[in-house]
Amino acid sequence: MEATFAEYEEWSEDPIPESVVQSYNKALQQLEKYKPYEEALLQAEAPRLAEYQAYIDFEMKVGDPARIQLIFERALVENCLVPDLWIRYSQYLDRQLKVKDLVLSVHSRAVRNCPWTVALWSRYLLAMERHGVEHRVISVTFEKALNAGFIQATDYVEIWQAYLDYLRRRVDFKQDSSKELEELRSAFTRALEHLQQEVEERFNESGDPSCVIMQNWARIEVNLWTFLEFHSPLKGPY
């Protein structure tokens, strides 16, 4: 930068405007802040994850959204198979920027690069729900997650639970019957069958040894029955 400014001074026949000098000095000060991190990247060998993580920490403290995105994207060029990096990037976008197209694009890239990581799929489903993606698309994404090839049986419990929680939030429990409620019940039935058959056959162990999904289903049905019984027009509240 100094060499470029020196060339500009030689080329210009007029004195350099004060505003230009001030902008140059400000840019020079900014450069000094980033210089240690850029030099660390130059000196390290790929994939330079630790160096990128330190750079990301610095940019997060500064708080410039454009630069934060840029350093994440630079880091992912060499570390696209690191799930934790995708999780950190998507968390930042979910909590800070909240721009639908950008957020969902990063989540989609994350599961495409690290399809074996259930946390990325669960977060993707949540992001889609949060941004009002239509139900059909969310369901299709869930089906892709089921076929992603998770590495342990409990991962399937986690993705099923994420999807069941989403379906539960669609139900109006003030009604004793609805399409959404029946879809939730069907999904619980399918989840139990999938875990007891396909998952156990593949891993030779129960994906849900504590019967978490069955307990959650029972809890929902009990709460629904209690609510409807309490608000029954024949009985009314005591």
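**Exercise 1. Determine the order of the secondary-structure elements along the protein chain.**

Solution. From the N terminus on, the elements run α-α-α-α-α-α-α-α-α-α-α. The totals are eleven helices and zero strands. Here helices (H or I, at least four residues) and strands (E, at least two) are DSSP runs, numbered from the N terminus. The model is predicted: local features need pLDDT of at least 70, side-chain atom pairs count only at pLDDT 80 or more, and totals for chains, interfaces and linings use all residues. Residues are numbered from 1 along each chain as its sequence is written, and side-chain values use heavy atoms, with hydrogens and water left out.

Of the 238 residues in the protein chain, 36% are buried, where buried means under 20% relative accessible area, exposed over 50%, and partly exposed in between (1.4 Å probe, protein chains only).

**Exercise 2. Check the span of helix α3 and locate its buried residues.**

Solution. Step one concerns the span. Helix α3 covers residues 49–62, and at 1.5 Å a residue its 14 residues should span 20 Å; the expected span is 1.5 Å times one less than the number of residues. The end C-alpha atoms of α3 are 20 Å apart, which agrees.

Step two concerns burial. The buried residues in α3 are Y52, Y55, I56, F58 and E59. They cover an arc of only 165° around the axis, which puts them on the same side of α3; the arc is that of the directions from the helix axis to the C-beta atoms. A50 and K61, on the other side of α3, are exposed.

Step three concerns the flanks. P47 has its place in the loop between α2 (18–43) and α3, and a cis peptide bond with omega of about 10° joins A46 and P47. After α3 comes G63, with a positive phi near 90°.

**Exercise 3. Repeat the analysis for helix α6 and describe the setting of V103.**

Solution. Step one: α6 (residues 100–113) contains V103. With 14 residues at 1.5 Å each, α6 should span 20 Å, and its end C-alpha atoms are 20 Å apart, in agreement.

Step two: V103, L104, V106, H107, A110 and V111 are the buried residues of α6. Seen down the axis of α6, they fall within an arc of 160°, so they line one face of the helix. An α-helix has 3.6 residues a turn, so residues three or four places apart point the same way. The face of α6 turned away from its buried side carries exposed D101 and R112.

Step three: V103 has a relative accessible area of 1% and is therefore buried. Its C-alpha atom is separated by 9.5 Å from that of Y89, 14 residues apart along the chain.

**Exercise 4. Describe the largest pocket and its lining.**

Solution. Step one is the definition. On a 1 Å grid over the protein atoms alone, a pocket is an open set of points where a 1.4 Å probe fits, with protein on both sides within 12 Å along at least five of seven lines; lining residues have an atom within 4 Å of a point.

Step two is the size and centre. The largest pocket has a volume of about 200 Å³, the volume being the space filled by probe spheres set on the points, which are joined across faces, edges and corners. Of its 13 lining residues, L146, N147, Y156, H194 and E198 are the closest to its centre.

Step three is the origin of the lining. Helices α8 (135–146), α9 (153–169) and α10 (179–203) each give two or more residues. The most come from α10, with eight residues.

The lining has five nonpolar, three polar and five charged residues. Nonpolar comprises Ala, Val, Leu, Ile, Met, Phe, Trp, Tyr, Cys and Pro; charged comprises Asp, Glu, Lys and Arg; polar comprises the others, Gly among them.
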